[in-house]
Amino acid sequence: MNNQFDRHRRLRKTSAMRDLVRETILHTDDLIYPIFVKEGKEPKTEVVSMPGVFQFPLHELEAEIQAVQDMGIKAVILFGIPAEKDAVGLQAYHNHGIIQEATRLIKTNFPEMLVIADTCLCEFTDHGHCGVIQEGEILNDESLVLLQKTAISQAAAGADIIAPSNMMDGFVQVIREGLDEAGFQDIPIMSYAVKYASAFYGPFRDAAGSAPQFGDRKSYQMDPANREEAIREAVSDEQEGADFLIVKPSLSYLDIMRDVKNNTHLPIVAYNVSGEYAMVKAAAQNGWIDEERIVLEMLTSMKRAGASLIITYFAKDVSKYLNK
């Protein structure tokens, strides 16, 4: 027999050996947990299309943050569901808007918990788009004015990181300038630098009540077919002052994540989105897959592709898996 071939299996022989040579390791510190907060006195409500994910009123938020902190998760990202909406998303930048109030509550009771504020208008506008509308068109520069106001109000409420998700041109530069002028030079921006017009967002729109009331978001979110455009978007955001770069969605865009990692110098954040979560939960509930193994494999692939951090609705589940 010819014994000149390589013996790769030597390093796979035992569990201890495999642990010793493992190249990519998932940690609880890598996880950012999304939380939906809503105005009103109604109790928490489970999102039908996202089993295990809830909309929390402020009076139940403290218990959820305590549970998250006890699991070793150190960062949450907040999405707001206001009681009232209007054409310009006033509640997004109101000093007592739901995200601002939730941020104050968390930072008062859990000062070590990192609070990331999603900075967008779509959850607060009655038309569901991420900017100002005029004759059916989403206006870019006029929207930037409101997004800047939103970011400043969120920082003033105590947000540790501003995460603008609107995909307007120049949003990082305008928000950075606004934060600096308002005295928030030390507040970093986690930019949704690469955000595709994806079909994987459906359950999120149920959770946040942010589905567009007309048209779609293809005029400002990216075409899923495009790759080089993602690099242009990411490089622009880095030059404009971003501190982190998000790639969203994750699972179908691992190649994009690696491209962005190779062409920029900032930490990359994978957003494991609602549709990716819902598909796994549905298959697991039907007994078709091993949920734990699938989830850990998915998230490890995102780190392997270049992500330093992962925003995921599985954060609490993953913490349990890793701490067993």
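Modeller: Rings of Phe, Tyr and Trp are said to pair if their centres lie within 6.5 Å, and in this predicted model Phe 36, Phe 79, Tyr 192, Tyr 271, Tyr 277, Tyr 313 and Phe 314 form one aromatic cluster.

Colleague: What makes Phe 36 and Tyr 313 a stacked pair?

Modeller: Among the eight aromatic pairs of the structure, Phe 36 and Tyr 313 have 6.2 Å from centre to centre and 5° between their planes; since pairing asks for centres within 6.5 Å and stacking for planes under 30 degrees apart, this pair counts as stacked. The two residues come from distant parts of the chain, with Phe 36 in strand β1 (residues 31–38) and Tyr 313 in the loop between β12 (309–312) and α12 (315–323), 277 residues apart.

Colleague: How do you know that Phe 36 is buried, and what is the relative accessible area of Tyr 313?

Modeller: The cut-off for buried is under 20% relative accessible area, and Phe 36, at 0%, therefore counts as buried, while Tyr 313, at 4%, is buried as well.

Colleague: Why is the pair of Tyr 271 and Tyr 313 called tilted?

Modeller: Their ring centres are 6.3 Å apart and their planes stand at 50°, an angle to be set against the limits of under 30 degrees for stacked and over 60 for edge-to-face, so the pair is tilted. Because Tyr 271 lies in strand β11 (residues 268–272) and Tyr 313 in the loop between β12 and α12, the pair ties together parts that are 42 residues apart in sequence. Tyr 271 is itself buried, with a relative accessible area of 1%.

Colleague: What makes you say that the charged end of Lys 248 sits over the ring of Tyr 271?

Modeller: The charged end of Lys 248 is 4.5 Å from the centre of the Tyr 271 ring, where the distance limit is 6 Å, together with a direction within 35 degrees of the ring normal. The charged end of Lys 248 also sits over the ring of Tyr 201, 4.8 Å from its centre.

Colleague: How do you know that the buried residues of helix α8 line one face?

Modeller: The buried residues of α8 include Ala 230, Glu 233, Ala 234 and Asp 237, and, seen down the helix axis, the buried residues fall within an arc of 95°, so they line one face. An α-helix has 3.6 residues a turn, so residues three or four places apart point the same way. Those buried residues pack against α6 (171–181), β9 (190–195), β10 (244–248) and α9 (254–263), whereas the face turned away carries the exposed residues Glu 228, Arg 232 and Gln 239.

Definitions and conventions
Residues are numbered from 1 along each chain as its sequence is written. This is a predicted model: local features need pLDDT of at least 70, side-chain atom pairs count only at pLDDT 80 or more; totals for chains, interfaces and linings use all residues. Side-chain values use heavy atoms; hydrogens and water are left out. Rings of Phe, Tyr and Trp (its six-membered ring) pair if their centres lie within 6.5 Å; planes under 30 degrees apart count as stacked, over 60 as edge-to-face and the rest as tilted. Helices (H or I, at least four residues) and strands (E, at least two) are DSSP runs, numbered from the N terminus. Buried means under 20% relative accessible area, exposed over 50%, partly exposed in between (1.4 Å probe, protein chains only). The arc is that of the directions from the helix axis to the C-beta atoms. Contact means heavy atoms within 4.5 Å.
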